[in-house]
Amino acid sequence: MNARVVRGTITPFILALLLAACGGGDGDDAADLYEVSGSIVPEALTRADTDTNDPLTPLVRNNLPEEAQPVISPALIGGFVAAPGTDTRFGPDGDEQDVFRVDLRSGERIVLDFPDSPEADLGLYLLDEDGDAVDATVGSSAPLSLAPHSSVTDSSGTYFVVVRAYSGASNYALRLDATHSLALESRRAARVSDDFVPGDLIVQSTLDRGVSAAGAARGMGLQITAGHPAREQLWRIPEGRAGQAIEALSGWSPVPRHRLRWMDPVRQARYETLRARMALNGMPDVETVALNHIVRPTRLPNDPYQDLQWFHRNIDLPLAWDIATGEPPDPEVVVAVIDTGVFLDHEDLRDQLLPGYDFIEMEPSGDDPGDSPTLGASSWHGTHVAGIAAAASDNGTGVAGVSWGARILPIRTLGEGGGTLYDTLQGIRYAAGLPNDSETVPERPADVINLSLGGGSFSQEQADLYQSIRDDGIFVFAASGNSDGSVTFPAAYDAVFAVGATNALNERAFYSSFGNELAFVAPGGDMREDRTADGYADGLLSTLVDDTSGSRESNYAFYQGTSMATAVASGVATLARSVDPALRPERFEQLLVSGLLTDDLGPDGWDAETGWGQINALRMLLAVTDGGSDLGPILAADPGRLDFGLTEELLEFSLRNAGSGSLQVTDVTADTPGEVEWMLVNPKSVDEDGLGSYTVMAERDGLPDGIYEGSIRVQTESLADLVIPVLLRVAAPELAVDTVGRIYVLLLDVDGETIAAQGLDPEDGIYSYRFDEVAAGEYHIAAGTDMNNDGSICDAGEACGSYPTLSLFERIRIDRDRDGLDFSVGFRARAGDAILGSGLDMPGDGLQGFARPQGLSSRKGSVTGRIAP
């Protein structure tokens, strides 16, 4: 069944309540009065916080672990929290936190959604069964996400999930869902369990206000240890001063009974760093604040082996070398390797190297001294990566690099235990010829930047930096990660090409991370096997170092990982740049999306596991030499697949022209096979050509439990239709436990005026409503909670529903008694975005929620009311 595209979002409206209405609907015969009734059921998996701000609901406190409200996962919990000092029914102490007791499986997601508000800062904590803090995340915008996880043992067990308000008051929707959301992982807020330097914050001040911001920071005891006011700076909280700094920045200090108990002092320091970061974000002279994440090489270490570079054949590299090798007379191209450095005296690299820089020792060099104090234990990761991309070739020594004549710019930012995000950002700036802490730049910027590393979370400042570098025509390739999970940063940034890995049979490697941000894959190896039957494990052979004798000697070894795949990609791009010096990232992307650069490995076109396919060196050189300057328009969607899981209700995708020329989108249609339309597509930010971002709302109302497959079809004037697969999961209802708490049912006329309202508590899991003496005419029926007691229902984070479904919101013709007007009600994490409407023409601008009457008595079952003619 094809569901139409709603052209324009209709937000929730404030509707004036007329308790003594002089008429109803638009009927002509006011003497004809009828009865209207039905049942409302809570959607599957819904649960309600037992101490919201609605004064007509029972007050069952759940503020401490010993008062914890038990819930069963999966679940979607609607709730309300209020910091001390807010104006709520809880008095001056507020309702600072809600605690839920739940059994969780290892890796299960805990997601907190709440309305964006400058007044409300919320936190999400995970405590173990003893009440000790395991993880935490804080922020002023959603989503906040946690997951019990251990790389060593099964972390399944009983936990306390805590939602806390640091400032302001807010509704929230808490999701417990085993579905792995790749989109969520790429945009979630930082966690205590993330790997970052405690006490370090990377601060970008507002333009021309960096000096004043730094002065204010020093006045609160913070130290400015690196950087410049005109760009990012490294601020540090002195050891033991985090509590004072947080209080000075925000004026917040925890109530003694609510202080987190951390058994790990490092995690406690990270938590305090997250709190300080949130407080700093509120300073007027501060633009962005990022954590100083630890970034690590993304190879998977294994024992070294000898010579054999099977991966060259997998990407048709020998045939590509018949066209170009990257050596003179081909133009010289520079590839920057930002890593552990490169062994400068390696026999197969020394003639390829340019002067580099060491951002750990802060000195000109770029040498790879090793990243372990134990002889024979260093990874020599940067040396291995550099050899894959650009080792000297056709010289009778060692191995062959992908691009024979490329020059390597060695930049050291990783050392023992990895490296910091701040040092890595300085290395990236240096490679691109931008201002950095070395106060120097290379003789010429790199053409290609190789980032065989990963770590951290999203930062707008970094996203802008990578975009600026890309706009300068510099390629940035980064490893997707080795977690067999979602794409890591920096690969997940839009301006970076994320590279996954394949094995010797051109299949996605078992470790290769995947998802919406993946651009393509390249050989990365799998050293568990010998599919090439050459007697060696299937890693990628490249340059290495042997220091077991106490001095560094040239060596060669096999490694596997997305680090190696990224080096292959960088080498191929470097080779292509030598053929076409004018080749830019945007042109590369056009060729990639058109299918001219890769061998498609999975389903036709892009897919989450292999992106646009495996890079092919021969196809690349043919494309840049003979591909023509005008590919024509190419329609691309990001992501190429949507999965709502069990609890997600709203996702987004974007459409863009990845080619050249003009492209006009003529229709975007949601296709849901079957009798029920469960998906709606709505433009969010779209230009006159129909390109831009769209929201997709899943409506589970009336759907039996099961798995549903649908699609979004995009039509244009000149191209074949683009189809985006969509997956939805629906849980089976359990009336004994499913509830949204107290609801208010509204009868609305066609102009959106509230004619009558009823407050209902569930009876046997069902809300039964009845309106008596309703005048003939047309009406709407809506229902929802008012957890924040602002006099309206269906605010973001509150439960909401309407007849026959929330998305349809159809008019009901009353010209006789009507019963069986049944529908469901469920929590909407972002109701302001999710309620799309159906063309109801409402007066005014439309604000938040539907108005409901104050002072309705709390009763179970049916509440009747006379509606005067």
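Phe-475, Phe-477, Phe-497, Phe-520 and Phe-588 together make up one aromatic cluster. The model is a predicted one. The points below begin with aromatic rings and then turn to strands, helices and a loop residue.

**Aromatic rings**

- The count of aromatic pairs comes to 26.
- The pair of Phe-477 and Phe-520 is edge-to-face, because the ring planes stand at 70 degrees, with the ring centres 6.2 Å apart, and an angle over 60 degrees counts as edge-to-face.
- This pair links distant parts of the chain: Phe-477 belongs to strand β25 (residues 475-479) and Phe-520 to strand β27 (residues 518-523), 43 residues apart.
- Both Phe-477 and Phe-520 are buried.
- Phe-588, another member of the cluster, is among the buried residues of helix α11.

**Charges over rings**

- Arg-270 is placed over the face of Phe-196, at 5.7 Å from the ring centre.
- Arg-275 is placed over the face of Tyr-166, at 4.0 Å from the ring centre.
- Arg-270 and Arg-275 are both among the buried residues of helix α4.

**Helix α4**

- Helix α4 covers residues 265-280, which amounts to 16 residues.
- From its first C-alpha to its last, α4 reaches 22 Å, close to the 22 Å expected at 1.5 Å a residue.
- At the start of α4, a side-chain oxygen of Asp-264 comes to within 2.9 Å of the backbone nitrogen of Val-266.
- The buried residues of α4 include Tyr-271, Thr-273, Leu-274 and Ala-276, as well as Arg-277, Met-278, Ala-279 and Leu-280.

**Strand β13 and its partners**

- Strand β13 (residues 196-205) is largely enclosed by the rest of the structure, because nine of its 10 residues are buried.
- β13 pairs with strand β16 (residues 286-297) in the antiparallel sense, over six bridges.
- In this pairing, Phe-196 stands opposite His-293 in β16; Phe-196 is also the residue whose ring face lies under Arg-270.
- β13 also runs antiparallel to strand β15 (residues 233-236), to which four bridges join it.
- Here Val-203 stands opposite Gln-233 in β15.

- Strands β28 (residues 540-546) and β29 (residues 553-561) pair in the antiparallel sense, over seven bridges.
- Leu-540 stands opposite Tyr-559 in β29.
- The two strands, β28 and β29, form a hairpin with six residues between them.
- Gly-550, in the turn of this hairpin, has a positive phi of about 100 degrees.

- Asp-580 is located in the loop between α10 (562-579) and α11 (585-593).
- With a relative accessible area of 22%, Asp-580 is partly exposed, because buried means under 20% and exposed means over 50%.
- The C-alpha atoms of Asp-580 and Val-624 are separated by 6.6 Å, although these residues are 44 residues apart along the chain.
- Helix α11 is mostly covered, with eight of its nine residues buried.
- Besides Phe-588, the buried residues of α11 are Pro-585, Arg-587, Glu-589, Gln-590, Leu-591, Leu-592 and Val-593.
- Gly-595, which follows α11, has a positive phi, near 85 degrees.

Methods
Residues numbered from 1 in each chain as written. Predicted model: local features only at pLDDT ≥ 70, side-chain atom pairs only at ≥ 80, totals over all residues. Heavy atoms only, no water. Phe/Tyr/Trp six-rings, centres within 6.5 Å; stacked < 30°, edge-to-face > 60°. Buried < 20%, exposed > 50% of the residue type's maximum accessible area, 1.4 Å probe, protein only. Lys NZ or Arg CZ within 6 Å of the ring centre and 35° of its normal. Expected span 1.5 Å × (residues − 1). Polar contact = N/O pair within 3.5 Å; in protein donor to acceptor, adjacent residues only side chain to side chain. Pairing = 2+ DSSP bridges.
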